[in-house]
Amino acid sequence: MPAPEVREAWGWIRNGLLDVIARARAIYTPEDVYIAIAGGQAHVYEIEHAGDALGFAVLQKIADPDGAALFIWALWAEPGALALKSVTLFTELDNLARSIGARRIRMHSPRKGWVRYMDNVSTIFEREV
C-alpha cells in the first residue's frame, strides 16, 4: 500500500496491530510501526480476496550475511480469513521476496500455529534484566 493509503486505512491497520501486539506479547506500539512506514523503513501489504480487504502484513527488507530477507514484522487477518487465503498469500509473499532479491522470508512469533506456513528454524530466548 502506498503511504497515503496507509494513512487513510490507519484506524483499521492500528486495530489489527493492537490485536497482533496483544497475542504476541510484543513490545512495539502501532505508532512505532507507523513511524517506520512513514520513514520508508517498512511497508504494508494488503491481503485481499475478491476486492475485499481481509488483513495486512507489515514488511521490511532486512540484511542477512548471505543476502536480503523479507521480514514479516506483523501479519493480521480478519478471523477465518487466513484459512481462505493462506496458500495464495504465501505464494504472493514468495513472489514479493524474489522481486526484492530476498533469499528467504522470516518472522518471529511465540504463536506455534505458524508452523503450518513456515519452518521453525530457531527459537528466540530472552531474559529481561
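Trp 76 has a relative accessibility of 11%, so it counts as buried, the cut-off being under 20%. Keep in mind that we're looking at a predicted model here. Gln 60 also lands on the buried side, because its relative accessibility is 19%.

**Trp 76 and its surroundings**

- Trp 76 sits in strand S3, which covers residues 67–77.
- Its side chain has a polar partner: the side chain of Asp 19, at 3.1 Å.
- Asp 19 also turns up in the contact list of Trp 76, next to Trp 12, Gly 16 and Val 20.
- Further along the sequence, that list carries on with Ile 47, Leu 54, Gly 55 and Phe 56; neighbours within four places in sequence are left out of it.

**Gln 60 and its surroundings**

- Gln 60 belongs to strand S2, residues 52–64.
- The side chain of Gln 60 gets to the backbone oxygen of Gln 41, with 3.3 Å between them.
- Gln 41 is likewise among the contacts of Gln 60, along with Ala 42.

**Fold and dimensions**

- Four helices and four strands make up the secondary structure count for the protein chain.
- Going along the sequence, you get α-α-α-β-β-β-α-β.
- For 129 residues, a compact globule would come out with a radius of gyration near 14 Å, and the protein chain has 14 Å, so the two agree.
- If you want a box for the C-alpha atoms, roughly 35 × 35 × 30 Å along the principal axes will do.

**Packing, surface and charge**

- Of the 129 residues in the protein chain, 37% are buried.
- Take the contacts with a separation of 6 or more: 52% of them are between residues 24 or more positions apart.
- The protein chain has an accessible surface of about 8,300 Å², and carbon and sulfur atoms account for 53% of that.
- On the charge side, there are 14 positive and 16 negative charges, and their mean positions are 7 Å apart.

Conventions:
Residues numbered from 1 in each chain as written. Predicted model: local features only at pLDDT ≥ 70, side-chain atom pairs only at ≥ 80, totals over all residues. Heavy atoms only, no water. Helix = DSSP H or I, 4+ residues; strand = E, 2+ residues; numbered from the N terminus. Rg over C-alpha atoms; globule rule 2.2 N^0.38 Å. Buried < 20%, exposed > 50% of the residue type's maximum accessible area, 1.4 Å probe, protein only. Contact = heavy atoms within 4.5 Å. Areas by Shrake-Rupley, 256 points an atom, 1.4 Å probe, with all protein chains shown as cover. Lys, Arg positive; Asp, Glu negative; His and termini not counted. Charge placed at Lys NZ, Arg CZ, Asp CG, Glu CD. Polar contact = N/O pair within 3.5 Å; in protein donor to acceptor, adjacent residues only side chain to side chain.
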